[in-house]
Structure formats: C-alpha cells, structure tokens
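Hello,

Here is the structure we talked about. Please look through it first; my notes follow below.

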Amino acid sequence: MDKFKKIKSIVTPFDKVNVDTDQIVPKQFLKLIQKTGFGKFLFYNWRFNSDEKPNSSFILNDPKYKNSKILITQDNFGCGSSREHAVWALQDYGFSVIIAPSFADIFFSNCFKNGLLAIILNSKIVEKLLKIQTEIEVDLENQIIKTDTEIIPFQIDEYKKKNLLNGLDEIALTLKYQDKILEYEKKSTISSLL
Amino acid sequence: MSKTLFEKIWDSHLVLEEENGPSLLYIDRHLIHEVTSPQAFEGLRLNNRKVRRPDLTIATEDHNVPTSDRSLPIVDQVSSIQIKTLEKNCKNFGIQLFGINNPNQGIVHVIGPQLGITLPGSTIVCGDSHTSTQGAFGALAFGIGTSEVEHVLATQTIWMEKFKPFEIRVEGKRKNPFAVTAKDIILSIIKRIGTAGGAGTVIEYRGETISELSMEQRMTICNMSIEAGARAGLIAPDEKTFEYLRGKKYTPKNYEELVDEWRENLKTDSNAKFDKSFTLDAKNLAPQVSWGTNPAMVSDVTEKIPFPEEFAKDLSQQKGVEKALQYMDLKPGIPITDIYIDRVFIGSCTNARLEDLIAASKVVKGKKVSSKVRAMVVPGSQIVKKQAEDLGIDKIFIDANFEWRESGCSMCLGMNPDILGPGERCASTSNRNFEGRQGVGGRTHLVSPVMAAAAAIKGHFVDIREMDLN
C-alpha cells in the first residue's frame, strides 16, 4: 500500500444517497482475478448509455471533473455487497479521498485496507462542499481540509491514520503478534474441518 | 457484569485488545468462494505467505456458476478462469473445496449450516456480505472484503472495531404464518428502520415470534440484516438450533457436551444493555412487496405505489423515491396487485432452502405458470436439491412449467447466465432490488417464496392470503 500524501484537487459533487456497491462496480465486471484495471468499470451503468457511449448527463463525464481526486457524496455510500472491487475501481479511476456524512461498514473498512481515505463529515459541511467550485486540500497528518475560505477539521481513528500515512502492510503487523495468536489457539476448542 | 450474546462471543474470541483502536479477533470458520478470493491468494503468493489454518477454511463455487446442465463446460470464459483459479488456489494452499460437481456444492451461506460448519458461539467470516445468515445459529458471522480475506487466510484473525449491540424484538402471533413469512418480517423491519438503521451494529433478534420461527426462517431474517446496514444478525441458540446441527457432516464429536455448555451460556443476560432497541408487532403484518430500488422501499401487498410527496419530510429521500419509480417504471397510486411481471426467481441465500421450496410448491401444485411469465427455481445447494427431489417437489414445479435448476447464487446477482433482460420485471425471493442487480435495466420486486409462486401463477402480484390453495 502506498503512503498517503496530501491531496489537492477540485471535488466531484455526487449528490446521491444510498449509493450501493452494485452501482459502483456492476457485477458483470467482478470476474477478474487481479486488483488492477477496475477504473473503466466505475459506475458503469450510470456512466455509459446502453450503446456504451458516455452518458453526458452523468457527473463523472463532465470534463470539469476529469482530474478530480476527491469525491463528495451523501449518506450510506457503499452499501450492499462486500465487494472490494468497488474500492479498487474508485482508486483506479483516480479518487484518493471520499467524503460523506456516513458510509456502509464493510465499504468503509475496505477503503482503509487499500489506502483510500474515507472522511465522515456532518451533513451541513457536506452540503457546503458539494457546491464548492475551487480546489480543496486534504491534509491527513493534521486532520484538516483547507478550502479557499476556511479550515475544516475531521476525525479519524489513530490506527487507521497511522496505517494510511505509513502505507503499512497489516498482515506483517499482525504477524508480530504470532505468540498471542498461538496462545489463543492453544486454549481454543474449535473443531477441525479436516 | 451482564453481557449481551454478541458481547459474550466477542469477548471469548479476543486475541488482543488495544486501548484506543481495533481489537484482534480470532476466526473459527472461514468460508471462501470464487469471486472475492483470487486477489487474496495472489497477495499471499506475492508475499510468500501460507494459509495459517486450512483446517478451519472451506471453499465452494457459487457466485458465477451456471445453473444449467453441469456436465457441460462453462461457456463464459472469464467465469471459467475464476473457477479454475479457485480450484488451483485450494489445491496449492491445502483447502477443501466443494466444487461445481461436488454433492456438497451450494451457496456458501446455505452449505455452512447444512454441513454443520456453522456452530453456535463461533466466529465466522466470508468475503460476502450475506454471511450474516449464519448468525441464526448464535454465531457471530459477518461479511468481509478481499483484503480481510487475505488477512484471515494468513493469520486466522481480523482487526475489528467493536460493534454496538442492537436489540430487535418481534412480538405477536401472526394470523397466517404460511402467508406472512420470515421474509415479510425482515422486509418490514428494514422498511421501518431504514437501510442504514443498523449501521455499526450487530442486531440480536428476540421475542416470541422469533422463537416460533424454524431455523431456516431464522436464517432468512439474519440474512437481510446487512440490508438494514448491520454487519451481522444474531439469534440466541435454542433446542431447534441444536437439533438442526445434530448429525451433520462436520458436527463435532463432543457435540452433546458442547450443547450443554451453549444452553447454559449462549444468551443475553437479563440485565444486559443494548445500545438501541426496536420492536415490531407481527400480529397484523401483511405480505410485503418491494416497489423501489433499495430494500426499504417496501409496501404491504394491499397498498398502492406511494407518491414521492409522501416522503417530503426528507428531500433527498423524496428525490430517491422519484428516481426509483422512474427506474421501476411504476406510477404512484396504482395498487401493488396491478403490477404485472415477466419473470419469477425462487432462489438465493435468503430463500432457497428446503422449507422455502416446500412452501412455494404448495402454492404451485396443480396449477400452471402464467403464459406471460418465465419462472425458475434455483435450490440453494445440491443437498437442498436432492432433498426436494426425494420429496417429489421438483415434479410439482416442472409440471407447472417452472424451470428446475442446479444450485448457485444465480439470478440474485446475475453473475452467471441467469439474468433479467433490460426492462424485464421480476418477482424475486432474493435480497437486493438495486438498479441492475439482476441484469442491466432489470426491475426487481423482493417478495417471499409463496408470494413469488403466486405471482408466477397469476402473472401479477396477488395477496397470497386470498388465493385458493389445494
């Protein structure tokens, strides 16, 4: 996982509640066995018309947002299926930060496992950011978002922050606790499936 | 200290508890399938890591397998690669696989309990959100992403923030339990608490109605906890639970000893505190039908399609309803029973167990599917299929012009050839009515198996309570 750096970009305003992972990556694209290359499938059924030409009314097809790295959206983003392909698609497309008033649990956790920063802000601030036309800066180290006119603090738990900033391999981290796992296994009575 | 059932299971699986951060939780059972595992195995390979406990891990092929003749090769090349990749990974890492031609193959959440892999008081994960199904046995069972699948394979543990316990009581005797099913109870709960109502929580379902439900019906309830935003659903085990798991393939040798222990310990203490509580009165509940594009957009079958203005309290919700009705091509004000359908799907981890098929067959028996409808039954597993065939249920469906197919996830998510065409409208016993879920442009109405069967016969939704049954 890459280390998370400061991100400065215009924001893509995606004013929609309950965006489910079936919309983020439709199921016809879940058959790949790699993690790369999912960006072209992001929001596929919304981004493209049935003739596979871009749907000009969909926000991501507005040239203004072509290089945006920050997606602002509404409540319960990422609900539904556990597919991590949703996170891989958002990242591969170019997003590094997603801001919403709330996220679905599994999606939220998947973001941090891949270095995608998901920020929860209250609805009033999200409404304001949805309208912002200029670039904003997301500074994870100091837990602030800077706009032209203000500085907005955000909360994140220390564990997630550390992992993101250092690009840590979580498995390597856990394997440092081998002795604890072994100790647990010695007293565990769970039956084998062999 | 008094604890909820969830807290008891959580505490007994702690490997490490950090002051301000997630805890490291031990995982007793890890179920894997072809769609969310390839990248996890690839990660292990790149880092030269092994599977820590292949003896606690089981794999099956369910998401993208065809449900047609299994003696034929898989036509979809990309699906075929995914299947072959799982087979290769299981072989290389020493994991047991119930592959496409194995008599134990089936939807991962159906085979877990059927084979006695699922045990009360255990922790169970799978790279699939509907892992919550297995909470019906008093297990802490939840869906995880692919990175977490890799983490569990490598360490048999997972880092988790502690969930909050949420109590949902279902009380009251249903007047007609054949017509008003577990599916109607859970749809009705989601309608009331919303698709994010359970966010950050594990729901424990309690109350007299829950106790009355069979194990298979309890699985239907726990299955859709995720549609209410909860990570898991849980029901304290009782004699029905213990009986269900007796004598299964993987039932532990010292089972009766374990049962004594579970009977004693696996329940919420009387003074335990929940973070949230909600009660549903099931007494006057009607059969439910979804009309929108998320599982909270649900009405009684006796109602009419709502007007978006009815949701004016919340502007974003009103917009959502407008957009949903447009996608579903439904006009506000028309009765639900005036909605005509093109397809019927009886299947999925929500409603494709033996009892579901028996109930639906009672509606279908001696009748024919409407000439305008294509209807299919996809049993949840090969075991379910065989049990049903032994009872002659397959014949009832086939005589009525239903397709009787092989087991798998099938049209619940349409990763295999079973999909809706653009604009097709389906009465489905599955769990998600998201846009395009069952096929690009397809329109899904979530219902119970008996309601789906009735719709297949009549060609439109009917109140099953008013239908003549033999």
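**Notes on the model**

Of the 470 residues in chain B, 60% count as buried, meaning that 20 or more other C-beta atoms, placed from the backbone, lie within 10 Å of the residue's own. This is a predicted model, in which local features need pLDDT of at least 70 and side-chain atom pairs count only at pLDDT 80 or more, while totals for chains, interfaces and linings use all residues. Residues are numbered from 1 along each chain as its sequence is written, and chains are lettered from A and ligands numbered from 1 in the order in which they are written.

Chain B has 15 helices and 19 strands; these are DSSP runs, helices being H or I of at least four residues and strands E of at least two, numbered from the N terminus. Its C-alpha atoms fill a box of roughly 55 × 55 × 45 Å along the principal axes.

The largest nonpolar core has 189 residues, and Ile98(A), Val344(B), Ala452(B) and Ala453(B) touch the most other members. Such a core is a set of buried Ala, Val, Leu, Ile, Met, Phe, Trp, Tyr and Cys residues joined through C-beta atoms within 7 Å. Helix α15 of chain B (residues 449-458) gives the most to this core, eight residues. Beyond its neighbours within four places in sequence, Val344(B) is in contact with residues including Val373(B), Cys426(B) and Ala452(B); contact means C-beta atoms, placed from the backbone, within 7 Å.

Between the chains, 48 residues of chain A are in contact with 62 residues of chain B. On the side of chain A that touches chain B, the largest share, five residues, comes from α4(A).

Regards

Note on methods. Contact = placed C-beta atoms within 7 Å. Buried ≥ 20, exposed ≤ 12 C-beta atoms within 10 Å, placed from the backbone.
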